[in-house]
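Here is a short briefing to read alongside the model. Take it topic by topic, with the viewer open if you like.

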Amino acid sequence: MKNPFQSTGIVKDPAFCNREREQQEIKKYIENSQNILLYSHRRYGKTSLIFKVFSGLKNVSGVYIDLFGTTTIDDFLKNFLRGISVLETRASRLNRIVRETLSSIGVNITLDILTGSPTITPVVHAREKDRALEEVFAVLRKLSKKRKLAVAFDEFQEIADYGGDPFEKRLRSIIQQHTDVSFIFAGSQRHMITQMFRDSNRAFYMMAASYPLKRIEPNDYVHWIEGLYAKDRRSISPSTIGDVVWRCENHPAYVQEFFFWLWDERKVTKEIIDGVERRIIERQIAEFSAEWEALTINQKRALKLVASSGGNNLFTADKLSMHGFRTASQLSTALQGLVNKGLLDRNEEYKIYDPLFRRWLQQA
Ligand SMILES: Nc1ncnc2c1ncn2[C@@H]1O[C@H](COP(=O)(O)OP(=O)(O)OP(=O)(O)O)[C@@H](O)[C@H]1O
Ligand SMILES: [Mg+2]
């Protein structure tokens with residue numbers, strides 16, 4: 001059997017583990033035309049979950065719009081049109097609807113050489129951007145063929161940098177008119193995206209039900225991984241799976257990466273898992289170092305403090321002085337900076353959210 005594990009990219013069956021409850025809950029929101037704010041740290045499985053949910057929808061068409069890397073309203077319009085073109089497989093009809101509906105944007109419709117499906121490549125000469133936005137949503141309506149729609153904007157926080165409030169407000173008002181569509185706003189920069197939806201001065205304030213995506217439960221991993229080994233007529237003990245999941249602190253991408261490397265081992269021992277862990281950290285050293293170097297000196301001190309003390313009772317006088325802080329407020333500013341960067345989680349205690357980054361720090 002081919003290695004079923006996959007540590008990068010969108011995962012589908014059999015590389016997709018569980019998330020049954022999340023799928024049911026998101027489907028319920030969609031069926032009731034509710035908007036959802038789906039957020040988590042990076043690489044927890046937001047995009048994979050969106051595709052999984054969409055593939056299981058019965059009477060609703062799912063439209064996925066990737067906003068990653070978009071920097072302008074023109075980019076937004078382009079990616080929006082590209083995303084909605086999946087709703088129509090006939091190039092001629094797509095062509096007609098697009099040309100009839102868009103007067104502020106020129107378009108080229110091309111056929112994908114490999115798949116034969118049509119793709120809209122807009123030539124945005126939108127002097128009237130307000131109208132362009134209205135028009136692309138009108139295209140969406142026409143393409144939906146009166147079917148119910150779920151529209152996912154992935155990496156939605158990107159729109160905050162397009163250059164201002166007016167666009168966010170316009171987009172909100174159009175979205176508000178589409179009361180029968182469920183919009184999913186997904187994002188990984190937790191601090192930024194939650195601010196967009198929780199700050200009463202922002203356009204998207206209270207526009208969606210909050211849905212923080214958690215890590216996957218150990219039992220779900222055990223069930224899923226045992227199943228994959230069984231398919232290959234092999235077995236793996238729940239305690240071995242548990243050891244890996246524990247090292248990864250349930251982080252979906254890391255669990256996949258460990259098992260990707262463990263799959264070809266005849267017998268998985270603790271020593272072998274240690275070796276895989278060492279190599280995963282080694283491969284990430286460049287990224288970890290870059291992350292580290294981008295920090296201020298106090299953030300570095302704070303991170304070391306959390307790594308060495310476990311995130312509790314950080315503000316004692318001896319810890320402050322041992323880590324080079326003159327005042328408690330210096331430490332709290334540094335910790336807040338690390339939370340905003342997504343390096344630290346703050347619940348009852350501070351926690352370095354990437355378990356291997358923490359181990360690297362502890363070794364350094
Ligand atoms: N349900 C799942 N089962 C098993 N592994 C998963 C699951 N979801 C995600 N993963 C693992 O996590 C990786 C990242 O998934 P995905 O790209 O969907 O996450 P994301 O939250 O959208 O990430 P990003 O923040 O980078 O956009 C996948 O390549 C896979 O290794
Ligand atoms: Mg994603």
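**Overview**

The secondary structure of this protein comes to 15 helices and nine strands; helices (H or I, at least four residues) and strands (E, at least two) are DSSP runs, numbered from the N terminus. This is a predicted model, in which local features need pLDDT of at least 70, side-chain atom pairs count only at pLDDT 80 or more, and totals for chains, interfaces and linings use all residues. Residues are numbered from 1 along each chain as its sequence is written, chains are lettered from A and ligands numbered from 1 in the order in which they are written, and side-chain values use heavy atoms, with hydrogens and water left out.

**Overall build**

- The C-alpha trace spans about 70 × 60 × 35 Å along its principal axes.
- Of the 364 residues of the protein, 50% count as buried. Here buried means under 20% relative accessible area, exposed over 50%, and partly exposed in between (1.4 Å probe, protein chains only).
- The domain assignment gives domain 1 (20-212), domain 2 (225-284) and domain 3 (295-363); such bounds come from an automatic or database domain assignment.
- Between the C-alpha centres of domain 1 and domain 2 there are 36 Å.

**Ligand 1 and its surroundings**

- Ligand 1 has 23 residues around it, of which Gly9, Cys17, Arg42, Lys46 and Ser48 come nearest. A residue belongs to this set if one of its heavy atoms lies within 4 Å of the ligand.
- Arg42 has a side-chain N or O atom 2.5 Å from an oxygen atom of ligand 1.
- For Ser48, a polar side-chain atom lies 2.6 Å from an oxygen atom of the ligand.
- Thr47 has a side-chain N or O atom 2.7 Å from an oxygen atom of ligand 1.
- Taken alone, ligand 1 exposes 630 Å², and the protein buries 94% of that. These accessible areas come from the Shrake-Rupley method with a 1.4 Å probe; for residues, only the protein chains shown count as cover.
- Two or more residues of the shell come from each of the elements α2 (46-55) and α10 (252-262).
- By class, the shell holds nine nonpolar, nine polar and five charged residues. Ala, Val, Leu, Ile, Met, Phe, Trp, Tyr, Cys and Pro count as nonpolar, Asp, Glu, Lys and Arg as charged, and the others, Gly among them, as polar.
- Why does ligand 1 lie between domain 1 and domain 2? Domain 1 (20-212) and domain 2 (225-284) both give residues to its shell, so the ligand lies between them.

**Helix α3**

- Helix α3 (residues 73-84) has 12 residues, which at 1.5 Å a residue should span 16 Å, and its end C-alpha atoms are 16 Å apart, in agreement. The expected span is 1.5 Å times one less than the number of residues.
- Nine of the 12 residues of α3 are buried, so the helix is largely enclosed by the rest of the structure.
- Among those buried residues are Ile73, Phe76, Leu77, Phe80 and Ile84, and also Asp75 and Asn79.

**Backbone geometry to look at**

- Most residues other than glycine have a negative phi, and most peptide bonds are trans.
- A cis peptide bond joins Asp13 and Pro14, with omega about 0 degrees. Pro14 lies in the segment before α1 (20-31).
- Arg43 has a positive phi, near 65 degrees. This residue is in the loop between β1 (36-39) and α2, and Arg43 is partly exposed, with a relative accessible area of 35%.
- Asn250 also has a positive phi, near 65 degrees. Its place is in the loop between α9 and α10, where Asn250 counts as buried at 18% relative accessibility.

**Other residues worth a click**

- Glu249 lies in the loop between α9 (238-247) and α10 and is buried, with a relative accessible area of 15%.
- The side chain of Glu249 makes a polar contact with the side chain of Lys351 (3.4 Å). A polar contact is a pair of N or O atoms within 3.5 Å; within protein, one must be able to donate a hydrogen and the other to accept it, and residues adjacent in sequence count only if both atoms are side-chain atoms.
- Ser144, in the loop between α5 (129-143) and β5 (148-154), counts as buried at 3% relative accessibility. A polar atom of its side chain lies 2.8 Å from the backbone oxygen of Arg141.
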